[in-house]
Number of protein chains: 2
Amino acid sequence: MSPSRPAPAVSVDIVLLTLGDTGLQVALHRRDHAPCQHQLALPGGYVHVDEDDSCEATAKRVLRDKTGLEPRYLEQLRTFAGPRRDPRGWSVAVSHVALIPLQQLRDAGDGVFHFYDVDQLPELAFDHAEQVREAVQRVRNKASYSTLPCWLLPERFTLTQLQHTYEQIFGETVSRGTFRSRLGIKVADAKPGEYADEAALLEATEEFLGGKQRPARLFRINRLSLFKRARW
Amino acid sequence: MSPSRPAPAVSVDIVLLTLGDTGLQVALHRRDHAPCQHQLALPGGYVHVDEDDSCEATAKRVLRDKTGLEPRYLEQLRTFAGPRRDPRGWSVAVSHVALIPLQQLRDAGDGVFHFYDVDQLPELAFDHAEQVREAVQRVRNKASYSTLPCWLLPERFTLTQLQHTYEQIFGETVSRGTFRSRLGIKVADAKPGEYADEAALLEATEEFLGGKQRPARLFRINRLSLFKRARW
DNA sequence: TTACTTAGTTGATAATTTCAACTAACATGC
DNA sequence: GCATGTTAGTTGAAATTATCAACTAAGTAA
């Protein structure tokens, strides 16, 4: 039983976000071909049914081809579909959010993407502006109750760096005490060899980032953790 | 520029949940045709590109055709895709969650669906069991911080009915005081004509459900509201 | 009128959050 | 060495918020 009507085209789009000096930025490229030629657009591509095992696999392949990188954080955002989002007709775009630290993108060489502040978006092709808006909303919301912002930093980072990341995502300062208690960090309580207690959402390493003051402990994260929420 | 490879088939699946005596139940039907003939499956169907304006529209059409109903709550869950979920090859299923009160389903006539407790799922066709698991997880999680359970009740309901709904979703009792303060309900504080104050997440009506005791005020909901969360 | 049942409110207590002040660890310059 | 500056990390008292048992309210039934 195959569908009796024309199947819509299926593509995968990626809202690749990173943290620049001015806050969250999105990676865009200028389209070479019609439709929407010369317009700014999200990276994306068609599913290769002979090659890709899932839409996430398609997203990873597209990013690998464009940047040589594999994002440490990648999640499906939502599927955008309809008759009018692409002038060629009914289409389906499985949209994803990827987070990659800016330094990693710089190290991988550039020229492929232009980065734009998510709060000052230029005109975009297709429904890509809507995809970016939803992605940013998702990231801001998730940042408010989870350790998601860690994926915008290098693998090891200090608590102050992480706090600044949260502040840049929210666009407002957060209290240092509140921030640390939210993460459950109590370095000193830990027994030798384990520097994060039960409640800690980050993994403490033995390394320190020594600058021109007291060195700060470097932390690491393995999986997304959620902040404690009210019970019933 | 059309894709140079075969396009995967795109369908829409719906995890239709309702509240039975024993808790959350999912609507399943037995498949008439191959593949997975005679197996239990979620309602779903192919996108009609000449008819549907979006995947939500496809979902609504499928539900209308099967039940004659339009769900008051419908949201996209996630898109499931890959080469192995359907024996016919690479496929894409845009999965949705729909909530409909049991009474409404009963009134609409039945026979189409069988209802199964979500915690005692039988074997399902394709990856439908995974879709149900994710949908239930989403609903349970969202119930913990929002008024989502309201959509499992008739349009007007009492606070006690709503509390029982939360309890059935969670599978545990909740304190009446905690429950009411979470919803910001303070009926008496309201000025004449408005029975819900600023903080209230429900809209109070002027009607009461009189049983064999003190009548309970009926409430209504217009949009999903989120409980207050910790500030930064 | 009394007893019973469920609806709705209240407020003292318990738990949690917040933040300013404190201590710690380094560098630098005298 | 030692004072000073700067950032890291901790502490705990005060402020806020959550919780639940006890109370009041409004109906039915006998």
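Tutor: Chain A has a secondary structure of 5 helices and 10 strands; helices (H or I, at least four residues) and strands (E, at least two) are DSSP runs, numbered from the N terminus. This is a predicted model, in which local features need pLDDT of at least 70 and side-chain atom pairs count only at pLDDT 80 or more, whereas totals for chains, interfaces and linings use all residues. Residues are numbered from 1 along each chain as its sequence is written, chains are lettered from A and ligands numbered from 1 in the order in which they are written, and side-chain values use heavy atoms, with hydrogens and water left out.

Student: What percentage of the residues of chain A count as buried?

Tutor: Buried means under 20% relative accessible area, exposed over 50%, and partly exposed in between (1.4 Å probe, protein chains only). Of the 232 residues of chain A, 49% are buried. The C-alpha atoms of chain A fill a box of roughly 65 × 40 × 30 Å along the principal axes.

Student: Which residues does A:R229 touch?

Tutor: Contact means heavy atoms within 4.5 Å. Not counting residues up to four places away in sequence, A:R229 touches A:Y145, B:N141, B:S144, B:Y145 and B:R229. A:R229 is found in the segment after strand 10 (216-220) of chain A and is partly exposed, with a relative accessible area of 27%. A:R229 and A:Y145 are 84 residues apart in sequence, yet 8.5 Å apart in space, C-alpha to C-alpha.

Student: Is A:A41 buried or exposed?

Tutor: A:A41 counts as buried, at 0% relative accessibility. A:A41 belongs to strand 3 (residues 40-41) of chain A. Leaving aside neighbours within four places in sequence, the contacts of A:A41 include A:A27, A:L28 and A:H128.

Student: How is the packing of two helices described?

Tutor: Two packed helices are described by the angle between their axes and the distance between the axes. In chain A, helix 4 (residues 159-170) and helix 5 (residues 176-183) pack at an angle of about 105°, with their axes 11 Å apart. That makes helix 4 of chain A roughly perpendicular to helix 5 of chain A. Angles under 35 degrees count as roughly parallel, over 145 as roughly antiparallel, 65 to 115 as roughly perpendicular and the rest as oblique. Axes are lines fitted to C-alpha atoms, for helices over the stretch in contact, and angles run from 0 to 180 degrees between N-to-C directions.

Student: Where does A:P35 lie?

Tutor: A:P35 lies in the loop between strand 2 (23-30) and strand 3 of chain A. A cis peptide bond, with omega about -5°, joins A:A34 and A:P35. In chain B, the bond from B:A34 to B:P35 is cis, with omega near -5°.
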